[in-house]
Structure formats: C-alpha cells, structure tokens
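Dear colleague,

Please find below the structure that I am handing over to you. My findings follow directly after it.

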Amino acid sequence: MNQSLHRKLTDIFLDTEPSVMVPLTQRESWQALETHYNKIKDVHLRSLFADDPQRGEHMQLEAVGVYFDYSKQRITAETVQRLLRLAEESGLRGRIDAMFRGEKLNVTENRSVLHIALRAPKTDSLILDGQDVILQVQAVLNKMTAFSNQVRDGSWTGYTGKVIRHVVNIGAGGSYLGPAMACAALRHYSRRDLPISFISNIDGADFIETTRDLNPEETLFIISSKSFTTQETLANAHRARTWLLDALKSPAAILKHFVAVSANAAEVSDFGLAEENRFEVWDWVGGRYSLCSAIGLSTMIAIGPEHFRAMLDGFHQMDEHFRGAPFDGNLPVLMGLLGIWNANMLAARTVAILPYEQYLHRFPAYLQQLTMESNGKSVTLDGSPVNYPTGPIYWGETGTNAQHSFYQLLHQGAHTIPCDFIGFVEALNPLGRQHDELLANMFAQAEALAFGKTEDEALGGGTPAWLGPHKTLNGNHPSNTILMQRLTPAALGKLIALYEHSVFTQGVIWNIDSFDQWGVELGKTLATQIVSELQAAEPSGLILDSSTRQLIDFYRRSK
C-alpha cells in the first residue's frame, strides 16, 4: 500500500478496533455470519413467524418519528446480534465520529464529508482548516432566505420590471435530482403561482420543451454547478443566456434573470454574473448530498424559507440519532446492516423502493444516485479489489402504480429482491376512504411477499390441479416497512438522512469510499473527444475501437 495513503487510513481508523484493517471476509464476525447464514438459509418466513407469534412486535424500531418494521426480513434475533458485532469489528463507531469531526473520509479526493454541517443548528460549531463551517453555512442560508423572500414577494423583478413568475433550475446529477425530488415531494407546501422547472439533459428537447411557453421577462434561471464546468449544465446555461438575450437584447438583463450556485467564483464571473448573484457551496459537499446546501435554492423558493429550515431540522434530527443512538436502536445502522445481509448473504442484487405516496414519485430516482454512486465500487479504500458484492441496484415506483407493473416479478420471479415499503399515516389530500385503501394495499403486498400462497391454498375453490403451480406464490421475499405520520418537510429530511446514513454504514462495512465517483469521469472524457469527431468536416484520425468508429461513421453519413 502507498505509504501516504496508509497514513491517511491509519488516521481515519485511529478510534476503531485494530481488526478493521483486516479484509472483510477474513474478519471473525464475517465468518461467523456466514456460518449462521448456512444454518438458517432455508428457513421460511412462515416458520419464523409461527415460531414467534410476537415477531412483529419484537422486530420493530421507532425513533425520531420513524416507525421501522423489519420483521419480514429473513433473519432471526441471532442474525441481528451477529450483524451488530460485524459493525463493531468494522469500526463503524469510529468512522461515524470521524465524519462528525470533519475527518477527511473521502480519501481519494482528500476531502471531508460534512453534509451533516449543512443542517446543523446555528448554535453548533465545527472547525475545519481553521474555519467554523457552521458560520459559513448559516451565512449562505441567510443569503438564500433573503433572496427567496424577494422572489416570492415580487420585490426581485426582471430586467423590464416584471415580477418573476417561473423559476428554472439548470443542473445535472445531484444539482438536479435532489431539488427536483424535493420540489415534487413537498409540492403540497409550494407556491402554485410560482412553478419550478428543471433542465438537466443535454438533449435539446429538455431545454426547448421547458422554455417553450415561458416569458423571458418573467423567468429566473438558477445555474447549479459546484465546479461550474459540468458539460451538460454549461451547455444549457449558455443556451438559456442566448434565449434570454435574444428577447431582452441587453447584457445587463443577465444580472436580473440568472443566479449561480457554485464554488467557482471565477467561472461564474466569466459567465457574466456578479458575486452577489452567486451562492456558495464547498468542496466538502458531495453532489448527491447537496440538497441542504444552496443547491436547494429552487426548493427554498418553492416551499419558502420556513419550510426549508424545517426540512433541515428533520435531517438534523436523524443525524443526531445516527450519531448517538446505540447500534441496536439505531435506525440507519440497522437498515444498513440488513442491506449487507441481503446483498452478501442472500445474494440480492437489487432493492425495490416502493413509496405509497404519490408526492414521492421521484424518490426512487433520487436514491439511485445516492446509493449507486456512493457504493458502486469494486476496490477497497486502499485500492485492493473487493471479493464480495457491494452496492446493489436500486429501482422502484410508487404504489399502487407499481402493483400493475412489476409486482408480478416480485411475487413469482426467480430473483430475490428486497423491498422497502414507505407510507404515511395521514394523507395530505384525504379523499373518502382512498388513503385507507392505499395503505391496505401496502400492508397486503408486504404480507403477500413474505408468506405467499402454498399450492394447497392455491388449489382451494375448485382450482384444477394443473393450474395449482401457476397460482402458487412461494413468498419468503424480504422487506422493510417504513411508516411516518405525515409527509412534512421535516419528515422528508428524516427519510433522506435515514438512507444517507444507511449508505454510509454499508460503505464502512465494505471498506469502500462512499464519497468519490471516479466511475463517471471516463465517459465524460471520451465524450469530449468524440464530439469534435462528430462535428469535424473530415475524420480526424482519432484512434478508436472498430465499433465506435463504425457508429461515428454511420452517424456522420446519416447526418
């Protein structure tokens, strides 16, 4: 191992057990977990519930307004204890403390991972490189609040004096997925006369369709890019700039119709914006963890500063729970460990996210980036290849829509697909008995996945014997059920932070860097080379594989 990297890793693991540096599959707790799995792998959930009629009471956890039922996981009480021992032996407590201290856990980029500072109360203090980052965060929050109020009350006007009636966020990755998900999730709390739109795709259709019916005099663009060098974002930002200037004719209009969220002051200035038009983010804010930063400006404009700060408080409540609760009563830790069990022992390669709440229809897509960009890694912190599966594929859809789509495969397919059911006790839009029917479907689907229908049960009611196998559902499919009282801004913050810290827990166990994303860089680099080839009058001689060369030649001929 490189000596400087070894020193970094040693610093990170100072407060953990010495065994944390032992490869995962060689740890005593891991081997004990494998032995235990081989003993119970064929036990059906029907038997587990029959053996413990109070299992539903024993295997649930309630904290910070979240009720978490994990009784339908294919585990026993011993499984939980062995998973908790794995967490201890993997140094999870030390890694949690290191994150909250601001240690540089992102070792490949030598960065702290302080998204938890974005939602800390203003009375807190966290010193990083001699600066109190909480003071910096609060200063930006105050600037966001003032600006949002100006846009919302009409005192921020466009170049011609008209009030802003439409806000367009231009960003990619976390600069798009987070705000878009949050604006959809909290639409119940938003200003309906001030719609928020999002442009992320470099496909021209995204820009054209979003701006087609907008009045440039009444449109505000938020350019969200930490580096202000992201290809897709800059292409759309410059297109928006041209669109605006074609209508308003004066470069002075830029200052009234554009603001930027970025760490790169120089590039923002080159775009034509003054410093007062820039909202700062920092290098210790990862894109997929940036919703609570100025990247969430569009969300604050949509729901108002008060609701935005309530969301931050929800995040913080879960942060503090994760930081201080014992592991056996710690929601993100337990959820993360159950994910380890399913991925590494049950060999589950995907996880289905199933919110029974229409406002959360963008939540599965948001979690795809959070989970797969974080834990889609094949080397450990010191660069050694892993010899066990890491980050599973996350996907999903809202219920009950999903029931009429892919639930057939969940129930009778040949794959083990753990499911997270997410629901709320109170409806934001009560319509007769429809919310009861919605939650009844959620509870019923979790029950059906767990227990299925035996062939004897399928043959009831005069079903012919030949049809029995087709109507049999094996069951034994693992799931969690997450229940909260009501989808409020605070509840959304808690839910997101629950998954953030679950991802962190899994990354620690797998001994991978959950905070870098080098896998997205190669495609960007190659695209930069290839776009010149597509636009050149003649082939440039760029060395390419035969398939890519043929595709480019076909495109050029057809174009």
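Asn511 is found in the loop between α21 and α22 (521-535); helices here are DSSP runs of H or I of at least four residues, strands are runs of E of at least two, and both are numbered from the N terminus. The phi angle of Asn511 is near 60°, a positive value in a residue other than glycine. Asn511 counts as buried, at 16% relative accessibility; buried means under 20% relative accessible area, exposed over 50%, and partly exposed in between (1.4 Å probe, protein chains only).

Please note that this is a predicted model, in which local features need pLDDT of at least 70 and side-chain atom pairs count only at pLDDT 80 or more, while totals for chains, interfaces and linings use all residues. Residues are numbered from 1 along each chain as its sequence is written, and side-chain values use heavy atoms, with hydrogens and water left out.

Ala347 also has a positive phi, near 60°, and is not a glycine. Ala347 lies in the loop between α15 (331-345) and β10 (350-355), and is partly exposed, with a relative accessible area of 41%. A further backbone feature is the cis peptide bond from Gly399 to Thr400, with omega near 10°. Thr400 belongs to the loop between β11 (393-396) and α17 (407-412). Most residues other than glycine have a negative phi, and most peptide bonds are trans.

As to the chain overall, its secondary structure comes to 23 helices and 13 strands. The radius of gyration is 25 Å, close to the 24 Å that the globule rule gives for 559 residues, so the chain is as compact as a globular protein of that length. This radius is taken over C-alpha atoms, and the rule is 2.2 Å times the number of residues to the power 0.38. The C-alpha trace spans about 75 × 65 × 60 Å along its principal axes. Buried residues account for 53% of the 559 residues. Among contacts (heavy atoms within 4.5 Å) between residues at least 6 apart in sequence, 74% join residues at least 24 apart.

The largest nonpolar core has 122 residues, and those with the most contacts inside it are Trp284, Ile301, Phe363, Leu492 and Tyr499. Such a core is a set of buried Ala, Val, Leu, Ile, Met, Phe, Trp, Tyr and Cys residues joined through side-chain atoms within 4.5 Å. Helix α21 (residues 489-510) gives the most to this core, with 12 residues. Apart from this core lies another, of 22 residues, among them Val168, Leu214, Phe221 and Leu245.

Val168 has its place in strand β5 (residues 166-170) and is buried, with a relative accessible area of 0%. Leaving aside neighbours within four places in sequence, Val168 is in contact with residues including Ser197, Ile199, Leu214 and Phe221. The C-alpha atoms of Val168 and Phe228, which are 60 residues apart along the chain, are separated by 17 Å.

Gln445, in helix α18 (residues 434-451), is likewise buried, with a relative accessible area of 15%. Not counting residues up to four places away in sequence, Gln445 touches Tyr356, Gln403, Tyr407, His411 and Phe421.

With kind regards
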